[in-house]
Amino acid sequence: MGKPRRTQRVVILLGALLVTLALTPARGANTFIRGDSNVSGVVDSSDAVHTLSHLFLGGLPSSCRDAADSNDDGSVDIGDPVHTLIYLFRGTLQIPPPGIVCGRDPTADALGCISFSECEQGPIDDLAKIGHVLSRLAYGPTMTDVEHILDVGVDTYIEEQLNPQVIDETDNDELNSRMSALITERQPSTDTRIISPNEIWRFRKGTTAPPTSWNTQGFDDSSWTPGATSIGYGDDDDVTVLDDMRNNYVTVYLRKEFEVADPAAIDRLFLSVDYDDGFVAYLNGTQGVRENVGSTAYNATASGGHEAGTPVDFDLTSRIGLLDPGTNVLAIQAHNTSLGSSDLTIRPVLIDRTILPGPPIREYAGIEEVKASQHVRGIYSRRQLQVVLGDFWENHFTTDFDKVAEHFNELTNSDANDAMSGEQARREAANLEAREYEFFLENALGNFGDLLRYSATSATMLIYLDNILNFKGNANENYTREILELHSYGVDNGYVQKDIEEAAGTFTGWGVCKVLPEDLGDAHSDCGVKFEDDVLVDLGAGWKYLKGNAEPTPGPLGVPTLDWAAIDFVDSAWLNGSTGIGYGDGDDATVLGDMRNNYLSVYLRREIQIPDPLALKNLIMEIAYDDGFVAYLNGIEVARSESLEDAGSPPPFDEDNVDGHEVDDEPPEVFNLNGFIGILKPGKNVLAIHMLNTNLTSSDLSCLPIVVDREILPGSIENGDPNGAWSVHFYPDRHDYGSKTIFAGKSYQLGIPTKPEGNPDAGYADANDLIDLLAESDLTAEFICMKLIRKFVSDEPFSATFHQIPFDELTPYQKSLAELLADCKATWRSTTPKGNIEAIMRNILTSNAFFDSGSYRSKVKDPLEFINSTVRALDASVDALNFEGYMEDMGMHVFDRDEPDGWPETGVDWITTSGMLTRIKFVQDLNASTDPDFMWRTRSFLAENQMETAGEIIDFFNNLLYQGSLDAEARARLVEFYETNDSYNPLPFLPTRGDYESRVDSGVSLMLSLPQWNFQ
Amino acid sequence: MRVNRRDFLTTASGATALGLGLNLFSPDIFKRRLLAEPILGAKKLLFIFQRGGMDGINACIPRGDSEYNTTNRPTLFVSNNAVQNANYGGTDLGNGFAQLHPRMAKMMDLYNNGELAVLHRIGYRGQSRSHFDSQQYWENGTRDRNLEVGMFNRFVQETIAKQGNTFPAAAISGGLMVALRGPEPIPNFSSAPKFRLRGTAAQSQKFLGRKDGDGGPGRGLLGFYTGTRSFPSKPYRDILYRTGVVLADTMQTLQANGIDPDSYVPEPGADYPGGSFGDKLKQAAQLFKTTSVQILGINIGGWDTHTKQDKAHNRLLYDIGSAFSALRVDLQDQWDDMLVITMTEFGRTSKENGSLGTDHAEAAVVFAAGGGVNPNQNKRVYNCDSSTWANGDIFSTNNGRYLAHRTDFRAVMAEIFSKHFGDSQSVIDTVIPTYQSAKGEDAAGFVPLNFLS
């Protein structure tokens, strides 16, 4: 005889369990105190009043009709309050069994007991166990899991879940296909730029046709204009701006000569172009790429539109043969869509790309995919406990994606240009969040210390809680406070403010750096970018300056002009000076002793000799300043401080709209001036700087500029390098090597001696020693065990409860929780290393407290649990990419919580009207949707589970979701809902009707909107 | 043109509720509508919780303390020139000591009219510098981080709900703040127009059904939420059932009154801040005008300024100033009964940190405005004058790192409950369970400020 079909079998098994239960209508903890109609825990006259009020005044019936049946005659009537009153006041009648103590009804009758909280102690029954286990270890019951537990038993299921590696996911098609849809794969590669962005090209405006040989090697382009890329106008994204292009010409011709020693040594050749709108590219005169271009006439518009922002890679590997050893030329004609177009951009980069061996890089396109992956795993993975715990740790060590992305977006490369686009910043931050989350998942049942160490050294955490800003002498306590308060000991548990201040010193020097993937996690790897600077202007002599008592070169009516900054301005009357110039903070070579209270401005000029501007690699100005400056090259503004954002152009000598800025605030600001190479002359040029103070009484002013020509050397990992990996990095010169005493006077005091300055290993050990101490501490054991018990067993055991209430005064259920906490702490101490999560979880999941009726359905689902359990209950097909909005409306935007304390575990936090409304809407939308990536397959689900009538559907979900606990009243209300129209008038509910499916959806929506579905 | 309230209600119930077929609860709709109308003479409170800990020293500048200087606050220091600058309105508070940040100039009209009180150095003994804990304390009115019952929830329970107000309070917020959490279910929503179920009016009416006993046995969703609680009594059962009912009632109230920040026309001259903060303020004003609501809460985030505080903080201060100014104009007819206050979990370090920001500290600043503010011309700034603030007090606690509190936040709240709402000391002792014990430990901190008349 073969095994029955899956669904039949489940129905049979569930049915068998329910048959047993049907004999005693009271479900679950079906014990009660007879006579206690109002479920107060005692039998008194108010019970008689309660029943009388129900019988004669329309009051609510007792939630335990067995209890109201004081005389145990099988019905609730006037005889019951009379019986109770006689018992109470005459004592001539007794209360039939179980009497006035908790017990079961020995008499078979039609009455039931839905709720009797006073008696709800002791283990729950088998059906409840299945529902309970699947609601806590897993994201809610599915038919498949219920069947599996019926097969192997609850104990085996728990043991399997504690050892996720034994659960095979290779044939889990829904999980695997949904996950792979969220992930793209990319082969790692290294790029060597043959032509970099911001290099100087020669360009010619397309006002007429050039000679046909314009794109060949031999062509003489010396009469063309030099300019750095990107070249174009509009959108504020161009270095060389063609401000006469609009309405005048639609194409631009560009040429760039480059050297290749040995073309055969190039692995793959890529042209990466950021463009708007079309272009044709030629290698040594032969066309290589043509995008959005029909005719190549000088006056031909692009054949289609394209917006710049994300460079597109074009593979020219098949064209490597066009290259010669020695000098080659890349020539490009860029086309605009129309004369009146609002913008044009062309920024070509030529790349020699070496594809590296090794596994492909798995990447999420963005944070939306990472968020979806959390749901996909939660819904479809068979390793449910691992996912539930992984989500728990992710929340415990929460970080904010937005802050990380914003940080990346503000970075620059060593050439002072933006390191990456906003899109790349968000993608890198998202993948870092994913990397962190996946570590927590993989180690969800591992050792707590590994999780704590991972979190401390994770780039996202270092950025999120400002540990990257934690410097010697300028400590930032943000992370230090939270590792104690939120990650290990718990708030105010065993430490004081002084400990945080001392501990913050151990973390000074911690930061992040982009490194080669193989160096990930090595805090001492060589992560600096290598470059060579040819210094054009150093600190020191050679400056002329003028005190700003008045405009140096006033125009008509005294308005400021820039004549003083021009190349040929005669500055012989100005004073001689050396940088730094200023007063007040000891960093000045030329001290302006009379500036305070007298004048706001200083004007500076310095000659720079540049024999061949076109030979410059990267023209860079670094400047430390106080409070504001505007810099000019040959009379053209090339840079200004943010503190002068709101000031005039040019600012007048008495400009009063200057924000404060200190030399020590930040590293010197760095400006890439390649865009201005075109205004440089061979030979003499002039750098002019206008310094401004924030007010006359300011205590200081400083100006410390240098100018260099920077060559970035190959082999460096820049901030924007997509092949690099963000790693923890220890900056030895930012570390405080002094002695520290943390937890002074405590049994777990940690004394760190003074260490030799500049010893990276010794300095990095400071905080690692602290983390090791925290990871194994008894205080951590208590805090983490408490959190796990709150997550998996009950919200009730707050630390305060057990610290403040003597054990004897706890209820029996609270005692079982207190005992569980003590057991968990003992388990924590017993493993090697301490804090093995699998052992602690085994402890929790096999405890009496876990299976106590006090725990059963006592916790409110958070939004993640609600959504995942709803999809699982319906076995719905989802890609989870549209869940973000619902999660946010329910108040839980995972991966971008601002606060570091994680989403709360206590039920009351999630019971709000807006949250409840969104829950109902999610259920309704999922039921109604016909999108294959967000739908419940109503008909096939009904067929598979062999149901059709309202009663069958109601019974199925009553058993699956509510362990059969919906009573006859609830059932009748649901039947009424199914079998009526919108006005509650009878309407046949038949599979043959066109409205059948939508009415099933609507009815199931109602069943998933019941109060009970918010509990687990 | 102003819309007369009676006209507006007629329009709302006629055109919106009936005309568009949204009479979810008819025939009871008119009965309920009347209940939801503003209650004449009922006192109202709007609290704005500044999440993250506002830098009070930057908001109400203690110019008279010489330690407020560029050495301690290199990038955050606001020069006296900027404060006195008439172009920005001039924000000197006139007591020779305290000044508002220039970006809060819009509040100065209220201040000069005697309708704004500035309360400095508000905190409590044993100040927590944890966001979570200190917010809990400020919101639940005790020093118990685990208490999930908010002060205003208890207040509603004790007073307003007992007086039969069916829509006593709400949070205009995606999440329900602790201050309003508790056994009395209080609704929350961030956007009233989106606060409705899926489907046509008829479909959502069927889905909602009716309450048990409301013309027959309960039906649909409301049938389940008002019928027998066929589910064991566990800690959150009853609040969840009741929240479901409040959800349905609130949807009806919002729809019937046409609450919608996009179509709302405030009084001329009421210039609300932009963005979601402004939208929430507009909904608050509309609710105060058209419903019986008495307590509303709004959150505004972004105050945790550890790094690069200057510009971000300026924008936030500007929004707060705009909020008070706009509410004053828009709620002029309600102003005698209104009180608008700010709350925040702590102030920030008096010394700027190395990241151009400030870190968690102690005493905070509270702004309070309304018709009941004590108009005393000499003293509308509290705890920030030469008699209450010794030179150097900005470093008066924790080894000279922080500004010490002078007045306990519970004393401020107690004054609101007693003077604004007219409640007895026994109500205060219930609403603020630790009032008496904390007062016993810190008598000076509980001396009433008398910022309300």
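Buried means under 20% relative accessible area, exposed means over 50%, and partly exposed lies in between (1.4 Å probe, protein chains only). This is a predicted model, where local features need pLDDT of at least 70, side-chain atom pairs count only at pLDDT 80 or more, and totals for chains, interfaces and linings use all residues. Residues are numbered from 1 along each chain as its sequence is written, chains are lettered from A and ligands numbered from 1 in the order in which they are written, and side-chain values use heavy atoms, leaving out hydrogens and water.

**Salt bridges overall**
- A salt bridge here is a side-chain nitrogen of Lys or Arg within 4 Å of a carboxyl oxygen of Asp or Glu.
- Searching the whole structure turns up 64 of them over all chains.

**A pair in chain A**
- A:Glu865 and A:Lys791 form a salt bridge, with their closest N and O atoms 2.8 Å apart.
- This pair ties together distant parts of the chain, helix 22 and helix 18, 74 residues apart; helices are DSSP runs (H or I, at least four residues) and strands are too (E, at least two), numbered from the N terminus.
- A:Glu865 is buried at 5% relative accessibility, and A:Lys791 is buried at 8%.

**Pairs in chain B**
- B:Arg348 meets B:Asp304 in a salt bridge (3.0 Å, N to O).
- B:Arg348 is buried at 2% relative accessibility, whereas B:Asp304 is partly exposed at 31%.
- B:Asp393 and B:Arg121 also meet in a salt bridge (3.0 Å, N to O), and they sit 272 residues apart.
- B:Asp393 is buried at 16%, and B:Arg121 is buried at 4%.
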